[in-house]
Amino acid sequence: MTSQTVLQDAKDQAGSGRTSQNAPSGPSDRRSATSIDLTLPVTGMTCASCAGRVEKALAKLDGLEQADVNLSMNTAHVRYDGQKISPVDLTNAIQKAGYGVEKQKLSYDIDGMTCASCSGRVEKALGKLVGVTEATVNLALERADISVVPGAVTDRQVIEAVEKAGYHAVSRNQKTSSDNQPAKKRDYALWWLAASIILSAPLIGQMIWMYLGVELRIPAWAQLALATPVQFIIGWRFYRGAWSALRNKAANMDVLVALGTSAAYFLSLYNMVQPGSSGEGHLYFEASATIITLILGGKIMEERAKRGASAAIRELMALRPRTARRLDAKTGEETEISVDDLNVDDVVRVRPGEKLPIDGEVVAGESEIDESLITGETRPVLRSTGDAVVGGAVNGTGRLDVRVSAVGEDTTLSRIIRLVEQAQTGKAPVQQMVDKVAAIFVPVIILIAIITFAGWLITGFGIEAAIVAAVSVLVIACPCALGLATPTALVAGTGAAAKAGILIKNFEALEQAHNVDAVIFDKTGTLTEGVPTVQDVVVAADFGDKVELLRLAASLQAASEHPLAHAVVQAARDDDLKLANVDDFKGTTGAGVGGTVEGRSVLIGTETLLRDNGATLPDEGTAKVIVEAEKQGSTVVLVAVDGKFAGYLTLEDKIRESAIAAVKDLKQRGIASIMLSGDAEDVAAHVAQKIGMDSWRGRIRPQDKAREVEKLRKEGRHVAMVGDGINDAPALAAADVGIAMGGGTDVAMETAGITLMRSDPALVAGAIDISIATRRKITQNLFWAFGYNVIGVPLAAFGILSPAIAGAAMALSSVSVVTNSLMLRRWHVRKEGSKK
């Protein structure tokens, strides 16, 4: 049942037939001037005592006026004092009681943010909305993501809150096409920059010549004419941003730029017009114009660098075709329709060179498919009838007819985009500290500028020198670099990983991966291909015909769903054998199957199955050969026909080509490799030794895998679990880092923090590498951002840096941080698993 949540008066709840443990009557009767009514959808309640527990947990909150829990609707209707508690407090109280609150995710593009204090202000504005339980604003992506009580917050309310804070928001929750908008905004900014450069160039040229000792002075009136449009027309964006921030009782980078450039401009104007100066006083028009030009140029470079950092997600989105050719089921005619109008089981035609519009199964045709941007696999892969294909892949030279298997948000490409976005909009723990610093950064810088101004006056250097030093302090301080240090590295790192076929769902996985010192591998489907094949068919001396033995065995196994049965049937079909019908089919769990084929009694399975059904067993010599085959990693199934041992089949699950290199790669990093398998000990030992595992265990159940993970963690190890099946999900959840193979089940992929889009164990080392590389970039960026301000501000305060040079340094600081993050785009997984 989907819970519907509305804001409503408490009276509407009366007589609703709720099952609840009522809160004390006192609070129920209170209603303050700041009372807010809210209905929360609660998950996990199973009985009346659950409802009572939720009510008691809510009643403990100071400011709660009423709490009624409706068990049948799975809701908690609350009235609370909005000045004392928030929806976040209510949600936390319910979660602490052992239950959950359903949340809805909403996303918005935010325009107008210039630094970390801006993103912090937007977060605060969104966090104050009734029904918002969590708000995250990413400065690098210029995006806000909020978690809300379903139905409690509308797009209009969110956009109004953002605009009230001084910014502009556009909802991402509706299907709108705004592909051209960024380009228009970029061209507009470039025009302003070009005008600013043209107007500032003479002033900058004069400054350079003066530094070189050449007396070349532009008339004061000409300097005023050049600097004024730069200051008040081109630089109006800084005044607008500063006013918006101050109106909301906050301060950002725009405040610093507006204060600094205005001080330089009006000091020059004063010196120019004061009596007796003849316009020949010290003028700083070149400083104010140069600062605006350099910062505007730096902002454009920063925007381009940020777009480069998030290029991976745009490339993935660009893979989505908008139309498809649907085939009419009766006539076979092609009709071009929107991809959104496709349904499961529709058949679409994909011509050579086109992108596959949707996930599906090939029903006709054969072609090589380029899946590089989805799985990271650089080589085209052959797909023919019966093979699965993914939307967004590029078709080769053949024509394909594909039956649709998934649409909308259920497609592989949509899931990949969702996972990458989820990771890129997350926050590192260190970012919380940075946000706190950014919140007080601008006020502290203004205070330092005031102290600098006073210090220069007190020491007798005059008001002009004091203003110049204070201006330098204002324009060199850069909160932008602080705000961009972490998110740009995170965006670039997760984007580079996605292009390599490594999907990192959240920052916690990225944070933990670099600590991993032990990796547990599931065997089947992870280290091996997961598809057993028949290696040999051996017949008893008195049976004679190998082909007949395979035909009888395959006929019986055709009625079974076991993977080994599929392998036997496939072997018969490969030899073009005609299978017979089966009567009296019976399966014995863990032993094998039996039945009647063409009037003959056939048994396939273990020695126990044959013995229990009175069939003869292999002779001593054959039994020894079978034991040796099992020691070499083969699975052996015995066959009896009409009560006599007729022969046996050996099957093998091939080891993946990259498994040995992957384990070797991990060893070089000092990481232990452990294999867990449900197969017999002999089979597990053979595979583990062949691959080079440090340790292994066979005959292990799914629940035992999770226990092994916990055991290693208690020993102080940082454990990564690599698996692909439903039975691996508990262990994936228990590990510090869960890594799911892309060819595995949805359950495994949803449980794991990292998903490998290719079934390639070598990507495990790659996932650890990109984790280390991203953390390194974050550390470098934060060191540079903090170090720059710690060094630059004192230099400016002591007059060592002029305002123009300080402005250039401010502009370049953000660009340097983003460019450093952008270096992660060059990262890729090497064949050996190392990085470059």
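Q: How do the axes of helix α9 and helix α15 cross?
A: Two packed helices are described by the angle between their axes and the distance between the axes. Here, α9 (residues 253-273) and α15 (residues 462-476) have axes that cross at roughly 155° and come within 8 Å. That makes α9 roughly antiparallel to α15 (angles under 35 degrees count as roughly parallel, over 145 as roughly antiparallel, 65 to 115 as roughly perpendicular and the rest as oblique). The axes are lines fitted to C-alpha atoms, for helices over the stretch in contact, and the angles run from 0 to 180 degrees between N-to-C directions. Helices (H or I, at least four residues) and strands (E, at least two) are DSSP runs numbered from the N terminus.
Keep in mind that this is a predicted model: local features need pLDDT of at least 70, side-chain atom pairs count only at pLDDT 80 or more, and totals for chains, interfaces and linings use all residues. Residues are numbered from 1 along each chain as its sequence is written, and side-chain values use heavy atoms, with hydrogens and water left out.

Q: Is the crossing of α7 and α9 left-handed or right-handed?
A: Left-handed, meaning that the near helix is turned anticlockwise from the far one by less than a right angle (clockwise would be right-handed). The axes of α7 (residues 220-234) and α9 come within 11 Å and cross at roughly 155°, so these two are roughly antiparallel as well. α9 also passes α15 in a left-handed crossing.

Q: Let's do rings. How many aromatic pairs does a search of the whole structure find?
A: Eight. Rings of Phe, Tyr and Trp (its six-membered ring) pair if their centres lie within 6.5 Å; planes under 30 degrees apart count as stacked, over 60 as edge-to-face and the rest as tilted. Take W784 and Y788: their ring centres are 6.0 Å apart and the planes sit at 40°, so that pair is tilted. The two residues are four apart in helix α28 (residues 762-797), which means about one helical turn separates them.

Q: Is Y788 buried or exposed?
A: Buried, at 9% relative accessibility, while W784 counts as partly exposed at 40%. The cut-offs are under 20% relative accessible area for buried and over 50% for exposed, with partly exposed in between (1.4 Å probe, protein chains only).

Q: Which residues do ring pairs link into a cluster?
A: F232, W236, Y239, Y265, F266 and F285. For a charge and a ring, look at R237, which lies over the face of F238, at 5.4 Å from the ring centre. That label needs NZ of Lys or CZ of Arg within 6 Å of the ring centre and within 35 degrees of the ring normal.

Q: On to strands. In what sense do β20 and β25 pair?
A: Strands of a sheet pair through backbone hydrogen bonds, either parallel or antiparallel. Two strands count as paired if DSSP finds at least two bridges between them. β20 (residues 533-539) and β25 pair in the antiparallel sense over six bridges, with L651 in β25 as the bridge partner of V534. β25 is also joined by seven antiparallel bridges to β24 (residues 635-641), where A640 has F645 as its partner. Seven of the nine residues of β25 (residues 644-652) are buried.

Q: How many residues of β3 are buried?
A: Seven of the seven in β3 (residues 75-81), so the strand is largely enclosed by the rest of the structure. T75, H77, R79 and D81 point one way, and A76, V78 and Y80 the other. Seven bridges join β3 to β1 (residues 35-43), and the two run antiparallel; S35 stands opposite D81.

Q: What is the order of the open sheet of four strands?
A: β6-β7-β5-β8, with antiparallel pairing. β6 (132-138) and β8 (168-171) are the edge strands, each pairing on one side only. Inside the sheet, six bridges join β5 (residues 104-111) to β7 (residues 143-148), and S107 has D145 as its partner.

Q: Where is D576, with its positive phi?
A: Most residues other than glycine have a negative phi. D576, at about 60°, sits in the loop between α20 (563-574) and β21 (582-588), and is exposed with a relative accessible area of 71%. E598 also has a positive phi, near 50°; its place is the loop between β22 (592-597) and β23 (600-605). D642 takes a positive phi near 55° in the hairpin of β24 and β25, which has two residues between the strands.
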